[in-house]
Amino acid sequence: MSKIITHIEESFIALLMTSMVLVTFSQVVARYVFNTGFLWALELTTYLFAWLVIFGISYGVKTHIHIGVDAFVKIFSTPMQRLFGLLAVIASIIYGSIMFYGGWIYVGKLKKIRIETHDMPIEKWLFLSILVIGMGLLIFRLLQAFWTILTNKEQVSILGDESKDAIEQFMDDDTNNDQKEGK
């Protein structure tokens with residue numbers, strides 16, 4: 001089930017990126033080839049980008065690709081690192097909850113008063129609902145991370161380890177080069 005959800009998330013992110021590229025490319029072609037354009041293209045691209053970023057926050061937590069500075073934490077023992085990881089997740093859950101609540105209130109008010117976007121005849125709350133969706137997904141992913149750290153199932157941090165990743169990539173590249181050269 002987890003692989004299916006991951007595939008859906010990655011496909012949705014790819015769809016958002018593809019949509020942004022297509023809208024922007026068609027706008028450039030329309031403007032510079034046909035001397036015309038779409039009034040709504042910039043606004044749509046902006047909303048698509050917002051969806052991509054906010055949806056990507058929870059995906060980043062899931063895949064441990066967020067950048068973090070953990071040099072201070074790494075000088076402590078593993079139990080202390082685990083404690084710092086749990087505290088970081090709790091702080092992130094609090095932040096996500098505040099954003100979720102504020103997004104819920106804001107989107108609810110926009111839906112109630114039925115404001116449309118500036119350049120498209122679409123109600124604004126539909127685009128801004130990503131605040132609620134994205135923060136809900138973020139809280140869910142953070143709760144999963146909290147549980148995995150608490151139960152010692154995984155590493156003590158929700159962040160990526162850039163130095164470790166770089167070393168592993170270097171070692172993989174070095175091994176591949178050795179195989180190509182027949183060593």
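Predicted model: local features only at pLDDT ≥ 70, side-chain atom pairs only at ≥ 80, totals over all residues.
Begin by selecting Glu9, a residue of helix H1.

**Stop 1: Glu9 and its partners**

Is Glu9 buried or exposed? Its relative accessible area is 5%, so Glu9 is buried, the limit for that class being under 20%. Next, display the residues around Glu9. Apart from neighbours within four places in sequence, Glu9 is in contact with Phe55, Tyr59, Lys62 and Arg141.

Lys62 forms a salt bridge with Glu9, and the closest N and O atoms are 2.9 Å apart. This pair links distant parts of the chain, since Lys62 lies in helix H2 and Glu9 in helix H1, 53 residues apart. Lys62 counts as partly exposed, at 22% relative accessibility.

Arg141 also forms a salt bridge with Glu9; here the closest N and O atoms are 2.4 Å apart. Again the pair links distant parts of the chain, with Arg141 in helix H5 and Glu9 in helix H1, 132 residues apart. Arg141 counts as buried, at 6% relative accessibility.

**Stop 2: Arg114 and Glu123**

How many salt bridges are there in total? The count comes to 3. To see another of them, select Glu123 and Arg114, whose closest N and O atoms are 3.0 Å apart. Glu123 is buried, with a relative accessible area of 18%, whereas Arg114 counts as exposed at 57% relative accessibility. Salt bridges that share partners join Glu9, Lys62 and Arg141 into one network.

Keep Arg114 selected and inspect its backbone. Arg114 is found in the loop between H3 and H4. Although it is not a glycine, Arg114 has a positive phi of about 60°.

**Stop 3: Asn35**

Move to the loop between H1 and H2, where Asn35 is placed. Asn35 likewise is not a glycine, yet has a positive phi, of about 55°. With a relative accessible area of 71%, Asn35 is exposed.

**Stop 4: the aromatic side chains**

The structure holds 6 aromatic pairs. Select Phe12 and Trp51, which form an edge-to-face pair with 6.1 Å from centre to centre and 65° between the planes. Which elements does this pair link? Phe12 belongs to helix H1 and Trp51 to helix H2, 39 residues apart, so that distant parts of the chain are linked. Phe12 is partly exposed, with a relative accessible area of 27%, while Trp51 counts as buried at 17%.

**Stop 5: Tyr47**

Tyr47 is found in helix H2. Its relative accessible area is 10%, and Tyr47 is buried. Setting aside neighbours within four places in sequence, Tyr47 is in contact with Thr117, Met120, Lys124, Phe127 and Leu128. For a distance check, draw a line from Tyr47 to Lys124: the two are 77 residues apart in sequence and 9.9 Å apart in space, C-alpha to C-alpha.

**Stop 6: the nonpolar core**

Now select Leu44, Val89, Phe127 and Leu142, the residues with the most contacts inside the largest nonpolar core, which has 29 residues. The elements giving two or more residues to this core are helix H1 (2–32), helix H2 (41–63), helix H3 (78–113), helix H4 (124–128) and helix H5 (130–150). Which element gives the most to this core? H2 does, with 10 residues.

**Stop 7: the nonpolar surface patch**

Met80 is found in helix H3. At 34% relative accessibility, Met80 counts as partly exposed.

**Stop 8: the whole chain**

The protein chain has 6 helices and 0 strands, in the order α-α-α-α-α-α along the sequence. Of its 183 residues, 29% count as buried. Among contacts between residues at least 6 apart in sequence, 71% join residues at least 24 apart. With the surface displayed, the chain exposes about 12,500 Å², of which carbon and sulfur atoms supply 69%.

How values were computed:
Residues numbered from 1 in each chain as written. Heavy atoms only, no water. Helix = DSSP H or I, 4+ residues; strand = E, 2+ residues; numbered from the N terminus. Buried < 20%, exposed > 50% of the residue type's maximum accessible area, 1.4 Å probe, protein only. Contact = heavy atoms within 4.5 Å. Areas by Shrake-Rupley, 256 points an atom, 1.4 Å probe, with all protein chains shown as cover. Core = buried A, V, L, I, M, F, W, Y, C linked by side-chain atoms within 4.5 Å. Phe/Tyr/Trp six-rings, centres within 6.5 Å; stacked < 30°, edge-to-face > 60°. Salt bridge = Lys/Arg side-chain N within 4 Å of Asp/Glu carboxyl O.
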